[in-house]
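Hello,

Here is the structure I promised to pass on to you. Please have a look at it first, and then read my notes below.

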Amino acid sequence: MHNNEALKNRLCEKAVAYWRMEELVVLIVSVLIFGGLLGLALYRDWSSWLAYVFITLLVLCIVGAIFGLSTIQKKYKHWSYEYDAHFFYIQEGVFTKRFLIIPFEKIQAVTLTEGILLNQFGLATIELQGIKKVYRVPALDKQVALTIQQELAELTRQKGDATDETITATHSI
């Protein structure tokens with residue numbers, strides 16, 4: 001069993017810039033949507049309570065973005081992972097620290113995901129798909145993620161051969 005101490009592998013340093021950009025994109029889209037609805041409510045002379053709802057949503061989006069941006073560095077600092085021949089360990093959390101121990105017997109698929117924004121930063125996310133839950137290791141360097149995916153697929157395949165389960169490794173963009 002692994003100690004509840006900092007794990008040796010960290011996320012890519014570009015994760016901070018990626019998370020900032022992701023937060024700003026969500027903020028811009030939210031402001032455009034709720035600002036447009038507010039403008040429409042005022043222009044069409046809808047009920048005044050509806051305008052107050054859109055103003056409240058705009059304020060909440062801005063406050064949420066400021067809060068999200070202020071916690072990104074801590075999120076990066078507290079995210080670490082590690083794996084050995086039997087388990088995958090994840091340590092995460094800004095306000096509530098979580099230490100996960102995932103046995104390879106429970107992993108059914110190892111997926112590497114690249115979104116448009118992740119790809120711009122040369123990053124990828126690994127997803128460990130269990131029976132009931134998906135565990136994510138976000139914002140890894142793309143080459144590191146590919147290596148981890150291949151190693152985990154092989155380790156889970158070896159465990160799966162012993163238990164006669166099917167293990168898949170997929171790559172999606």
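Helices here are DSSP runs of H or I with at least four residues, numbered from the N terminus. Please keep in mind that this is a predicted model.

Let me begin with the whole chain. Its secondary structure comes to four helices and eight strands. If you follow the sequence, these elements come in the order β-α-α-β-β-β-β-α-β-β-α-β. Of the 173 residues in the chain, 36% are buried. The chain exposes about 10,400 Å², with 59% of that supplied by carbon and sulfur atoms. As for contacts between residues at least 6 apart in sequence, 55% of them join residues at least 24 apart.

Helix 1 covers residues 14-43 and helix 2 covers residues 48-77; their axes come within 9 Å and cross at roughly 175°. Because angles over 145 degrees count as roughly antiparallel, helix 1 is roughly antiparallel to helix 2. Sorted by class, the residues in the contact between helix 1 and helix 2 are 22 nonpolar, five polar and three charged.

Enjoy exploring it!

Best wishes

Technical notes: Residues are numbered from 1 along each chain as its sequence is written. This is a predicted model: local features need pLDDT of at least 70, side-chain atom pairs count only at pLDDT 80 or more; totals for chains, interfaces and linings use all residues. Side-chain values use heavy atoms; hydrogens and water are left out. Axes are lines fitted to C-alpha atoms, for helices over the stretch in contact, and angles run from 0 to 180 degrees between N-to-C directions. Helices (H or I, at least four residues) and strands (E, at least two) are DSSP runs, numbered from the N terminus. Angles under 35 degrees count as roughly parallel, over 145 as roughly antiparallel, 65 to 115 as roughly perpendicular and the rest as oblique. Ala, Val, Leu, Ile, Met, Phe, Trp, Tyr, Cys and Pro count as nonpolar, Asp, Glu, Lys and Arg as charged, and the others, Gly among them, as polar. Buried means under 20% relative accessible area, exposed over 50%, partly exposed in between (1.4 Å probe, protein chains only). Contact means heavy atoms within 4.5 Å. Accessible areas come from the Shrake-Rupley method with a 1.4 Å probe; for residues, only the protein chains shown count as cover.
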